[in-house]
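Hi there,

Here is the structure I promised to pass on. Have a look, then read my notes below.

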Amino acid sequence: MMGKIKRSIVWGLATVLLVFAIIYFTRGTSIYKPDGTITNDLVSETKTLLNASINNERYTYVDYLSDHQQNVDYGLSTITASLTNSDALIDSENMQYSLIMTKDKIATYEIEIQEAGYYHVGMNYKVSNATLNQITIALKINDESYYQEMQTIELPIIWQDESKNYLTDRYGDEVLPNQIIMDDWQYVAAYNNTYISIDPLLFYFKQGLNQLTIENTSSYKFIIGDIDVFKPVLQIDYDTYINQNNYEIIDGIIDIDATNYSYKNSSYVQAYSEVNPSVLPFDPVYKKLNVIDGRTWQRPGQSLTYEVNVEKSGLYKLAFRYSNPKADFPVFRSIKINGQIPFNEVRAYQFKSTKAGNWRVETLGNEQTDYYFYFQSGKNTITLRAESEPVQEAVRNIQMLIDHINTFTLEIRKITGKEVDKNRTWRFSEQMPESKAYLESYILLLKASIDELSLFAPNGAKSATISNLQKSLSRAENIYKDYNRLPLYLEDLVGGTGSINQFLGDILDTLNNQQMYLNQLHLYNNTRLRKANPNIFESLYAGTQSFIASFSSNKYALTKEDGVLDVWVNRPITYVDMMQKMADQTFTPQTGIQVKISVMPDANKLVMASAANQQPDVALGLASYMPFDLAIRNSAYDLTSFDDYWEFASQFAPGAFVPYILNDKAYALPETLDFNVVMYRKDIFDALNFMVPDTWEEVIQILPELQKYGMNFYHPIAGGTAIKWFYQTSGFIYQFGGNIYSEDGLRTSINEKEAVQGLTFLNQLFTNYALPEQVVSFYNSFRYATLPIGIADFGTYQLIKNAAPELTGMWEIAPYPSITTEAAGTNRHYIANGTAGMIMNETDQPDDAWDFLKWWMSTETQSQFSFNLQSTYGPTYAWISGNINAFMASPFSEKDKEVILEQIKWLIDVPRTPGQYMLERSISDIWNTAVFDGTPTGIAVDRYTILINREMRKKMIEFGFLDNEGNLIKPYVIRDITWVRNQMLDASGGYHGSND
């Protein structure tokens, strides 16, 4: 009876809490419905007000068009100009003056303009087939940049598939072909790298002589030739087009597989296997590359071009079999026929939502009629390009709101200080009279953005896609109602999760994401097209085939084959397929050793396989702590038993070997590396005349200036969970000349002077100098300039480089800050590592395994793998090889590579011991208690040292280094980076950084 009463009480409380949560999280979220009261004049006045008070005001191409569109003349002429540089030479291929454009090289042209006006610019250029990243240039006219996008104009690299006959892997699944660069001369009109407009950028040229300069702002060289200055074109509508092309309607159908494109302008765009009976080609068991992957075809400006041979000239309808997974918002594609958009209606054509998993066959047209397109007999091209121009006005408004809120918040904090007094009676409009007008402007601009975007959604202002704007509006209206107490609402403005700035940042990403999957194109007339989605019987039949095949197929089984070297890799199948392909092409023919490379679904399975005596011969892609865990359990092969180990190891960073050493034996090679560098917003630092810190002392010096502007410095310990790892906590110990273990490895040394100094300095960065203790996303904070500088690793570097194209040319990296002490001198040590490769102890082919490991880790193989990976899957698959020589040859920016290579000299990882988990956890607790509880660092260190030593003693007894009384049975030797360097010097005479 009592149990029933308790359960009733619990359920009652749960219901009350649920109702409260619903009320709390939906409070004040009434839906704004456009009512026509927001006029263009009101929006213009609002933007003028906000712009006047923004730090580092942006002037974008959208602003430029808004100011000058009415002055565009469509009757201008075209002028071709050649280089005037003295070192330009005639190119034998295109017979133009050409110039090799290295980093920061400037090409100069002089152009005589007969009639002043707004023109497009087209360029002839040629890239090397070794260039993998897009080239960006800065363009100036008469030494002037009219808008910020002129600093980031893109020269796209054009790609083709090496073959359309897809190879299959050992499982029978089709794999992506290699991609090759079209390295002949190309011609492109100038667009900025975010492709915010459908038409090329417009530039004003005065009457008479004009000078145009082009600066290579990327690290990749290219060749440039003549340029054209040409008139803008006023697009005709469909009715005019069809009247001009009154040709015969041709019956029949031509199907084009979407994966059979002729070329593309982005290596990101990839084919994908969609398991769906209505998507052709289809196989219920084996993967077929049958669609363009929408996750890779989502950026504005990415285009695919198809060739189609037409037997008879005439008019055809054009249909696309596609999927748009957005819930209730279209994506946009412009369609070009033979290089030109034929009429206005297919500029940024709307492909409506199909919702995830569903497909649609869209015949281009409007509500009244399908469109007809003229194709001439013979070869024609069809180009589809992702667009975002229809939403760019809203994007510009949202970005302005973010910028202004950041500036406004800074001004508020100048008055309130860091900590807002919640008990004070605020009359904030007396201290900042303009605050009410700013909030009114936020509300108006949010409504204007909803007005604009709701036109694209079938459910208007209720669209889930723009719900974040509704939430932002609700927050802004709530603050406005209580504007005199505005300081109490700072968290609602910029406080991270649930703040207006967070909602606005999220919707920027959503609006710019133009994700669309594509299966087929159809040119047709008077022919019935296949239905878009399978019926229930087709789905059931395909599902049954797949289910039956699962009982007889051992596609992904980890099986051992006699005489075959078994390699497990802790990486996705995309990596493994390429590794197997390279091994089959080079390693096996060279050595005669057969290799089977398999995906390791879970790295922990390796430990279990060791216990069950089912180990592979070689394991790759392991976290840096795993070789030690396996070695101390006698599951790892001693690589120093090979005479050439240290000689071969000299090609790698010495600090990466530290965790792989156990009692003077080494059990792994560093397959990949990580780095820590300072990443900073160059645009902000230049605008505010800030120095880029080279030392931690200089970091402290710039903090007051940063914080004065509402900004701060990011340290990686602020990211992640409550438990902090060695790479977040221990760097300063080594920078101050300390260690975390005693020489005999039996106890910790974090209570020694240098280590305490390092931990104290770390804690004081937060307690004394107010670094942010918790950062949800450094990536977003960096983009929105609340944290315009911080410590970044390889993952963050890749994210900013590939997922924030709007920041191209606006950020750079610099060396990790140094510390100078008497004990350690000047050093930039940071704690990091990549992944490891090792041989398992139970292998019956140790020599073959070592040959494979040396082949895989060699300069030639790693260089080729890095190039193949990026050229096939795009720049997001950048690879930092542990082999320093291979990394030097990798397709990274030369300027960034120089910084990274210098920093890798300082890479160091912590030694591993039994019981190290307690040390790692305790250093984390020392930081937490010092920063959040105010415990002095020294007291916290003393307290946790006792716990650490107790646990280390327990583990040393467990692994047989001590007896139960604590007496030494066998030594446990800790080796540091100096010892590793000495091994390399003795074996080969050098190591990375030894010649400095």
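**What I found**

There's an open sheet of five strands, ordered β28-β27-β29-β40-β32, with mixed pairing. β28 (595–599) and β32 (669–670) are the edge strands with a single partner strand each, so one side of each has no neighbour in the sheet. Strands (E, at least two residues) and helices (H or I, at least four) are DSSP runs numbered from the N terminus, and two strands pair if DSSP finds at least two bridges between them.

Before going on: this is a predicted model, where local features need pLDDT of at least 70 and side-chain atom pairs count only at 80 or more, while totals for chains, interfaces and linings use all residues. Residues are numbered from 1 along each chain as its sequence is written, and side-chain values use heavy atoms, leaving out hydrogens and water.

Back to the sheet: β27 (residues 565–569) and β29 (residues 618–623) pair in the parallel sense over three bridges, and V569 stands opposite L620 in β29.

Now the cores. A nonpolar core is a set of buried Ala, Val, Leu, Ile, Met, Phe, Trp, Tyr and Cys residues joined through side-chain atoms within 4.5 Å, where buried means under 20% relative accessible area (1.4 Å probe, protein chains only). The largest one has 89 residues, and those with the most contacts inside it include Y306, I335 and L518. Helix α7 (residues 435–454) gives the most to this core, with 10 residues. Apart from it lies another core of 64 residues, among them W696 and I800.

Cheers

Definitions and conventions. Buried < 20%, exposed > 50% of the residue type's maximum accessible area, 1.4 Å probe, protein only.
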